Amino acid sequence: MSDEVKRGLEGVVVSESRLSYIDGDAGELGYRGYAIEDFARRASYEEVLSLLWNGEWPTRSEHDAFVARLADQRDLDPDVYDLIANLAERDVDPMAMLRTVLSSLSAYDEDAGAAPDDRETNLAKGCRITAKLPTILAAFARLRDGDDPVDPRADLGHAANFLYMLNDEEPDDVAVETFDTALVLHADHGLNASTFSALVTTSTMSDLHSGVTSAVGTLAGPLHGGANQNVMRMLQEIDDSGKAPREWIEDAVDAGERVPGFGHRVYNVRDPRAAILETYSEQLGETVGDPRWYDYSVTIEEYMAETKGLAPNVDFYSASMYYQMGIPVDLYTPIFALSRVGGWIAHMLEQYEDSRLIRPRAHYVGDRDREFVPIEER
Ligand SMILES: CC(=O)SCCNC(=O)CCNC(=O)[C@H](O)C(C)(C)COP(=O)(O)OP(=O)(O)OC[C@H]1O[C@@H](n2cnc3c(N)ncnc32)[C@H](O)[C@@H]1OP(=O)(O)O
Ligand SMILES: O=C([O-])CC(=O)C(=O)O
């Protein structure tokens, strides 16, 4: 057995998967063999869930049945609303809230006691978790602002219903299309850190709720999903500073700061998702007649390419896009989770079919053969 250490598991292949294909040199991403550019604007998030979970795009009748099934599962138990209200009162971080409330869902799940690797009950649990996450997040966002939660509407799709519950107003078509495309683009991405942590959890034959809860905790960090809110905070800092954006970013890079939204473990070129999200960021700026956030972003991208050879990842243009949709900055990472939950579940379903405990080794470099001294003699 080799003791070579692969820090951060870089380049280590640990499993086979049929879910997402990534070519980090060519900047290509596909789900189940379909390039994202071909379906991102034309398939809904619900269709993508079917593709990821079942392997094929749904027929119209399969799709209608699945959409209805999801819509039917959006309500929360009154106890769950109470928990959300308590956490909203304490103004906890939205990702901490999501992790906590999500974990509590297993207490109310009718299949909680089922065998952890049973595909049918996992699909049913997966539907319930995916359907309830938007209700949880929208309720929290409203309660912390002193507003009542808005009940889900079964006649609206996944994206439209979330925006409706968040704002207590039916969203227009542009907002729904933009948000739905963001959900589609964030749904899966190979063995990213949060998906891997879900798989480590379920490789012990733990259950789906535990896997998703682990994944939310992992997504929250600023090196992963947490980067999208930091991108927006950076753009706001630039705006507040009164400095030219190029001067601001030059100072930050010279000070050794890591620029959120840049760099990637797998992509050596521009993340293909950033190209699609960029168009929405630009269009929204044009629509409201304030291209500021998009323009700052373009300046940063140019500077990072010239000086560091680094390209934007998925978190870069989603930030200005969400901001221009009026979404509170600290909800960007939980919104990432609302989408990625589909990928986490798909990977866990795939793993349960042929699971083996994930248990790597560390190369021990500490002392050995030290003499124990009892506490009275120390
Ligand atoms: C959905 C997602 O998770 S996408 C990623 C979201 N995260 C971010 O945007 C945070 C900023 N980016 C980063 O911190 C990193 O690029 C990561 C975490 C995404 C990838 O990390 P790793 O693959 O471990 O790359 P690593 O940290 O070794 O960086 C390689 C080199 O590029 C530099 N670098 C990488 N990203 C950045 C950045 N955003 N800003 C400045 N320099 C960077 C590093 O300083 C390092 O330089 P060095 O070799 O001179 O020390
Ligand atoms: O794949 C990764 O390491 C990070 C990423 O882009 C994602 O999770 O979408």
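Biologist: A polar side-chain atom of His264 lies 2.7 Å from an oxygen atom of ligand 2. What makes this a polar contact?

Modeller: The term covers a pair of N or O atoms within 3.5 Å; within protein, one must be able to donate a hydrogen and the other to accept it, and residues adjacent in sequence count only if both atoms are side-chain atoms. At 2.7 Å the His264 pair is within 3.5 Å, so it counts. His189 also places a polar side-chain atom 2.7 Å from an oxygen atom of ligand 2, and so does Arg340, at 2.7 Å. The protein buries 86% of the 270 Å² that ligand 2 exposes when taken alone (Shrake-Rupley areas, 1.4 Å probe; for residues, only the protein chains shown count as cover).

This is a predicted model: local features need pLDDT of at least 70 and side-chain atom pairs count only at pLDDT 80 or more, while totals for chains, interfaces and linings use all residues. Residues are numbered from 1 along each chain as its sequence is written, chains are lettered from A and ligands numbered from 1 in the order in which they are written, and side-chain values use heavy atoms, with hydrogens and water left out.

Biologist: Which residues surround ligand 2?

Modeller: His189, Asn192, His224, His264, Arg273, Phe336 and Arg340, each with a heavy atom within 4 Å. By class they are 1 nonpolar, 4 polar and 2 charged.

Biologist: Which residues come nearest to ligand 1?

Modeller: Of the 19 around ligand 1, they are His224, Arg258, Val259, Phe262 and Arg265. That shell divides into 10 nonpolar, 5 polar and 4 charged residues.

Biologist: How do you know that the backbone takes part?

Modeller: A nitrogen atom of ligand 1 is 2.7 Å from a polar backbone atom of Val259. For Leu223 the backbone distance to a ligand 1 nitrogen is 2.8 Å, and for Phe262 it is 2.8 Å. Ligand 1 exposes 910 Å² when taken alone, of which the protein buries 64%.

Biologist: Which helices supply at least two residues each to the ligand 1 shell?

Modeller: Helix H14 (292-308) and helix H15 (314-324); helices are DSSP runs of H or I, at least four residues, numbered from the N terminus.

Biologist: Why is the pair of Trp293 and Tyr323 called edge-to-face?

Modeller: Rings of Phe, Tyr and Trp (its six-membered ring) pair if their centres lie within 6.5 Å; planes under 30 degrees apart are stacked, over 60 edge-to-face, the rest tilted. This rule gives 12 aromatic pairs. For Trp293 and Tyr323 the centres are 5.1 Å apart and the planes at 65°, so the pair is edge-to-face. Trp293 belongs to helix H14 and Tyr323 to helix H15, so the pair ties together parts 30 residues apart in sequence.

Key. Nonpolar A, V, L, I, M, F, W, Y, C, P; charged D, E, K, R; others polar.
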